[in-house]
Amino acid sequence: MVISRLNEIQERFGYIPARELNELAKELGKPVHELHGVASFYPFYRLKPPPRATLHVCGDVSCHMKGAPKLKAQLEAMAAASGGQVEVKHCSCLGQCDGAPAMLINDAVHARVSMDELVASCEAAVTGKEVPHRHYEPVKGPFKTDPYAREQERYGALKALVASGDIGGAGGGGAGGAAVLAKLTAANLKGMGGAGFPTARKWDTVRGQPPGQKYIICNADECEVGTFKDREILKNLPYLVIEAMTIAGLVTGADTGFIYCRHEYHEQIHILQDELKKARLLGLVGDNVLGTGRKFDLTVFVSPGGYVQGEETALIEAIEGHRGQPRNKAVDVGFDRGLIVYKGGLWGKPTVVNNVETFAYVPLILSKGPEHFKGLGVNGSEGLKWIGVSGDVRNPGVFEVPMGTTYEHAINVLAGGPPPGRTLKAFAPSGPSFGLLPAKMMNLKMDWGTRVKPVGAILGSGAVVAVDDTRNMLDLALNFTRFYRNESCGKCVPCRVGSQKLVDLIFGLLQGTATERDLEAVPRLADTMVLTSICGLGQVVPSPILSLMEFFPEDIKAATDKGARRAAELAGPAVQLTSNGRHL
Ligand code: SF4
């Protein structure tokens with residue numbers, strides 16, 4: 001596979017030398033320009049030798065709020081004094097928002113320490129010392145997501161399924177899996193990555209395709225700003241994900257799975273690989289799952305980075321060895337005499353893609369029943385939700401909460417509320433995707449049905465960011481919008497150009513150079529982006545500015561008034577005309 005080969009080359013040399021790329025092209029029978037196009041697309045790859053030290057500071061919201069700009073400036077000064085051979089730059093969210101500011105020192109993740117300690121580690125790296133990853137204590141269980149009280153009980157749902165014989169034939173022949181699908185439907189399990197698509201329907205669509213090659217993919221590439229809860233599920237409960245994927249394989253007829261994991265999650269990758277080894281030894285995955293004669297094996301696919309790879313068709317493109325750009329789904333999934341026909345799964349084959357949290361709930365639902373799962377919700381909601389809370393709170397972290405928990409409880413109780421002496425002004429219900437809401441709306445509950453105009457449903461991936469009264473809302477909106485601008489894959493014009501236009505506009509508001517008139521274009525631009533962008537990234541780029549226009553009009557007005565005053569100054573004094581229209 002192209003990506004894993006590129007990963008190996010990068011690992012061996014620290015970059016991808018041109019001669020290695022040529023060799024790989026010959027070996028794979030592909031043109032060099034194609035491989036170069038792939039390697040140059042992903043932020044993880046280098047096409048030139050790295051400098052002595054690479055210092056990449058996360059520039060996204062939680063790190064931005066916790067001093068990332070100051071840290072970067074300090075490191076730039078240090079790099080300048082060191083006489084070169086040091087690269088300092090921003091990188092996108094590292095999934096360490098609870099330990100902000102976070103950074104990569106020579107590709108090793110560093111977070112949860114003071115800025116002084118980060119700078120000291122960077123100084124060591126600059127002198128050529130090795131600075132390994134910092135380990136941290138995972139969130140402590142027990143977790144309601146885990147149906148198994150003891151290690152010996154694990155994979156119980158898979159064993160029960162096999163014992164029931166309700167697994168259908170290889171490739172998806174036969175009518176197995178009906179009981180599993182009925183339970184997932186009754187539990188109303190939805191895609192917890194944020195899309196909320198019914199899981200059973202996804203599995204059933206793949207199951208219903210003609211027998212043949214099929215795939216199961218776990219999306220463990222959480223890269224959305226403020227999202228770091230899958231990091232803890234993978235660290236604590238890897239067996240649930242592997243078990244659920246195997247069950248999905250037996251139900252749909254797939255024999256191969258991939259766990260697509262972001263490359264910065266080194267620890268999680270090793271944990272998954274260790275768990276897979278154990279599962280293979282126990283015959284739980286492999287050529288003959290629990291003596292059924294059915295094969296299901298899976299591998300951990302290390303993602304070369306990029307937020308948009310979280311989009312399932314972009315992720316599929318990456319596994320296939322292409323640039324990770326989303327596909328146009330209208331082309332990929334067609335209809336033939338009322339049946340959904342897959343044209344665009346992995347290598348054109350029917351493929352289930354679910355995220356880590358979605359898979360993690362499957363053993364619980366199958367073991368304890370849909371009613372048990374639904375009963376875990378509160379305030380009229382059903383099920384559980386893993387969330388990450390970061391930003392202006394005393395105890396940022398990952399929490400497993402009942403679905404229906406209010407944002408107020410998550411921020412003020414679980415995460416300890418704002419720092420001493422401050423009050424909350426706003427919160428982002430899920431990273432940048434749904435903008436910023438005023439603190440008075442924190443009584444909203446987390447659920448699929450919670451919708452707020454103009455940004456729509458707000459549950460998303462559960463990336464809650466708290467904002468206190470010292471923050472500049474436009475600065476945060478700019479940070480959010482820049483993230484999307486930087487992560488746009490560039491495939492479609494509305495997203496590529498529209499995201500830059502919105503960055504320019506918000507920057508103008510911050511600088512006091514934009515006026516109310518400039519804002520008039522925002523609703524039309526937002527409509528165009530929502531209607532014509534290929535994937536969800538382009539569709540949510542306008543959310544931060546739209547939410548400010550709706551909920552923080554005073555911040556917007558202060559900025560546009562400044563812009564109007566500046567425009568008037570530049571235009572000079574008003575010209576007085578005589579009654580016949582001539583200048584005085
Ligand atoms: Fe790429 Fe943006 Fe278009 Fe999505 S909407 S395909 S990220 S350019």
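In strand S17, Ala 466 is the bridge partner of Phe 427. The structure is a predicted model, in which local features need pLDDT of at least 70 and side-chain atom pairs count only at pLDDT 80 or more, while totals for chains, interfaces and linings use all residues. Residues are numbered from 1 along each chain as its sequence is written, and side-chain values use heavy atoms, with hydrogens and water left out.

Helices (H or I, at least four residues) and strands (E, at least two) are DSSP runs, numbered from the N terminus. Two strands pair if DSSP finds at least two bridges between them. Strands of a sheet pair through backbone hydrogen bonds, either parallel or antiparallel.

Five strands make up an open sheet of mixed pairing, in the order S12-S11-S17-S13-S14. Its edge strands, S12 (397–402) and S14 (437–438), each pair on one side only. Strand S17 (residues 463–468) runs parallel to strand S11 (residues 384–391), and four bridges join them. Within this pairing, Val 389 stands opposite Val 464, and Gly 391 stands opposite Ala 466. With strand S13 (residues 424–428), S17 pairs in the antiparallel sense, also over four bridges.

A residue is called buried at under 20% relative accessible area, exposed at over 50%, and partly exposed in between (1.4 Å probe, protein chains only). Six of the six residues of S17 are buried, so the strand is largely enclosed by the rest of the structure. Ala 463, Val 465 and Val 467 point one way from S17, whereas Val 464, Ala 466 and Asp 468 point the other way.

## Cavity and pocket

Rolling a probe the size of a water molecule over the atoms shows where empty space is left. On a 1 Å grid over the protein atoms alone, a cavity is a set of points where a 1.4 Å probe fits but cannot get out; a pocket is an open set with protein on both sides within 12 Å along at least five of seven lines; lining residues have an atom within 4 Å of a point. Grid points are joined across faces, edges and corners, and a volume is the space filled by probe spheres set on the points.

The structure holds one cavity of 30 Å³ or more. The ligand takes up the space of the largest cavity; a molecule sits in a cavity or pocket if more than half of its atoms lie within 2 Å of its grid points. Of the 13 residues around the ligand, Cys 489, Lys 491, Cys 492, Cys 495 and Cys 535 come nearest, where near means that a heavy atom lies within 4 Å.

The table sets out the two spaces. Ala, Val, Leu, Ile, Met, Phe, Trp, Tyr, Cys and Pro count as nonpolar, Asp, Glu, Lys and Arg as charged, and the others, Gly among them, as polar.

| Space | Volume | Lining by class |
|---|---|---|
| Largest cavity | about 90 Å³ | eight nonpolar, four polar, one charged residues |
| Second largest pocket | about 960 Å³ | 18 nonpolar, 14 polar, 11 charged residues |

Pro 326, Cys 489, Cys 492, Cys 495 and Cys 535 lie nearest the centre of the largest cavity. For the second largest pocket, the closest to the centre are Pro 43, His 90, Cys 91, Ser 92 and Glu 487. Helix H5 (68–81), strand S2 (86–91) and helix H18 (473–487) each supply at least two residues of that pocket's lining, and H18 gives the largest share, seven residues.
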